[in-house]
Amino acid sequence: MTTLPVDSGQQPGQEPGRQPGQRPGRRQPRPARRLRLLADLTPLRDSADFRRLWCGHTVSWVGQQMTALAVSLQVYAITGSTFSVGLVGLFSLFPLIAAGLFGGAVADTVDRRTLGLATAAGLTALSVVLATVALLDLRQVWLLYTVVALQSVCFAMNNPARTSMIPRLLPKEQLPAANALASLTTNIGLMGGPAIGGAVVGLWGYQAAYLIDVVAFSGSLYAMWRLPSMRPEPADGQAVRRRASVRDGLRFLVSRPNLRVTFVADLAAMILAHPRALFPAVAGLWYGGDTKTVGLLVAAPAVGAVLGGLFSGWLGRIHRHGLAILLSVAAWGTAVAVFGLTRDLWLGLLFLALAGCADSISAIFRMTMMQAATPDDMRGRLQGVFIVVVAGGPRLGDFVAGTAADLASPSFAVAGGGAACVVAVVLIAALCRHFIRYDARSPQP
């Protein structure tokens with residue numbers, strides 16, 4: 001119960017909370033309380049550096065997704081081969097995984113602002129190369145593969161530098177809100193970037209999509225340019241490292257139980273309960289649909305993730321981040337399992353959207369825990385590991401789901417995988433009680 005201050009101006013007989021002249025029985029609306037459900041914009045209001053960084057990344061990320069689609073379309077136009085289009089993913093994936101750990105180590109060694117500027121400039125230059133190839137109509141698919149691989153290397157080195165700077169720009173209590181905004185950027189880009197890219201390519205050609213990407217990167221370059229120097233800060237009592245070691249970063253992660261469990265929980269979700277590879281099969285077998293149905297199935301988790309980001313204002317009031325992660329991963333597994341049992345398309349889409357929402361909440365808390373509980377001079381390397389897990393986990397999940405579907409059935413693969421994910425969460429909770437007790441007000445790695 002809220003008590004009135006001594007000098008409140010309250011008139012005798014006036015109802016508490018009612019201003020003079022207000023009709024009895026009617027309360028003043030409380031918009032602030034209602035708006036707590038929506039994404040918390042406090043980090044954008046309080047930090048000009050974070051605001052520029054977020055806006056620049058949002059614009060450039062949409063441009064990157066436009067470019068990714070345009071490259072796939074251009075490769076198919078040159079070769080007429082879906083296999084060649086599939087190779088685009090491989091040329092993107094392997095450099096991303098290989099450079100992820102290395103990029104994190106570099107981010108823990110050099111000025112992160114300088115590294116962010118250099119890699120953003122590299123991504124801009126590579127988009128210029130793609131535009132030149134398209135304008136000159138150079139029908140050499142190996143050129144496109146080479147640029148895609150180099151883009152992955154630049155991204156793998158840019159991302160640890162950029163995300164490691166966020167805890168230096170904001171107080172720790174604003175990190176959940178900042179990561180919710182970052183999640184919103186990621187999922188909106190994944191949804192809107194390809195759609196915009198397809199329209200641009202259809203209207204003006206591949207070169208238009210690449211040139212728009214060049215312009216989009218100017219926002220990221222400007223944001224990095226305005227940042228102060230961001231050299232890694234060593235932990236108390238430790239000397240400044242001249243060269244950060246990937247091995248030391250992995251050893252740190254293995255020896256820190258709370259951080260280690262965040263990765264284990266995410267791998268349990270992505271490897272055991274990741275039904276994406278089965279969407280083409282279940283669209284026809286379960287729903288009698290076609291490629292449009294596959295598109296709906298693919299889009300549903302992304303829609304749920306976007307909604308999770310839009311209505312993330314309440315996340316800042318949660319302090320038991322470990323418990324929140326386990327509940328979110330369990331919700332993901334449960335939603336996937338129910339999706340595997342239903343044969344109604346719209347009900348299936350609903351549970352896929354719920355799964356996507358749960359995954360976005362898990363990702364927000366995992367990222368927040370990693371940023372808050374990790375010393376500054378280790379953040380880059382843990383972000384590099386994070387890239388490897390995010391890139392590799394779903395691919396392993398595709399393999400597990402496809403294998404289980406061939407050995408048994410798609411229903412068993414999806415529903416059984418979701419149930420296995422929930423069982424894994426229960427085991428993690430039983431074996432790692434310290435993780436459940438994790439409190440964001442006193443973060444311990």
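How many nonpolar, polar and charged residues does the lining of the second largest cavity have? The answer is five nonpolar, one polar and one charged, and the sections below place that lining within the structure, which is a predicted model.

## The second largest cavity

The second largest cavity has a volume of about 70 Å³, and the residues that line it are Phe-50, Leu-53, Trp-54, His-57, Arg-162, Ile-166 and Ala-182. Helix 3 and helix 6 each supply at least two residues of this lining, with helix 3 giving the most, namely four residues.

## The largest cavity

There are five cavities of 30 Å³ or more in the model, and the largest of them has a volume of about 90 Å³. Its lining is formed by His-57, Ser-60, Gln-64, Ala-120, Leu-123, Phe-155, Asn-158, Arg-162, Phe-217, Ser-220 and Met-224, a set that divides into five nonpolar, five polar and one charged residues.

At least two residues of the lining of the largest cavity come from each of helix 3 (48–79), helix 5 (112–135), helix 6 (141–169) and helix 8 (206–226).

## Salt bridges around Asp-376

The model holds eleven salt bridges, among them one between Arg-112 and Asp-376, whose closest N and O atoms are 3.0 Å apart. This pair links distant parts of the chain, since Arg-112 lies in helix 5 while Asp-376 lies in the loop between helix 14 (345–373) and helix 15 (379–407), 264 residues apart.

Asp-376 counts as buried because its relative accessible area is 7%, whereas Arg-168 counts as partly exposed because its relative accessibility is 25%. Arg-112 is buried, and Arg-379 is buried as well. Asp-108, Arg-112, Arg-168, Glu-233, Asp-376, Arg-379 and Arg-381 are linked in a network of salt bridges.

## Gly-192 in helix 7

Gly-192 is found in helix 7, which covers residues 175–204, and it counts as partly exposed because its relative accessibility is 22%. The C-alpha atom of Gly-192 is separated by 9.8 Å from that of Gly-63, although the two glycines are 129 residues apart along the chain.

Conventions. Residues numbered from 1 in each chain as written. Predicted model: local features only at pLDDT ≥ 70, side-chain atom pairs only at ≥ 80, totals over all residues. Heavy atoms only, no water. 1 Å grid on protein atoms, 1.4 Å probe; cavity = no way out; pocket = protein on both sides within 12 Å on 5 of 7 lines; lining within 4 Å. Points joined across faces, edges and corners; volume = space filled by probe spheres on them. Nonpolar A, V, L, I, M, F, W, Y, C, P; charged D, E, K, R; others polar. Buried < 20%, exposed > 50% of the residue type's maximum accessible area, 1.4 Å probe, protein only. Salt bridge = Lys/Arg side-chain N within 4 Å of Asp/Glu carboxyl O.
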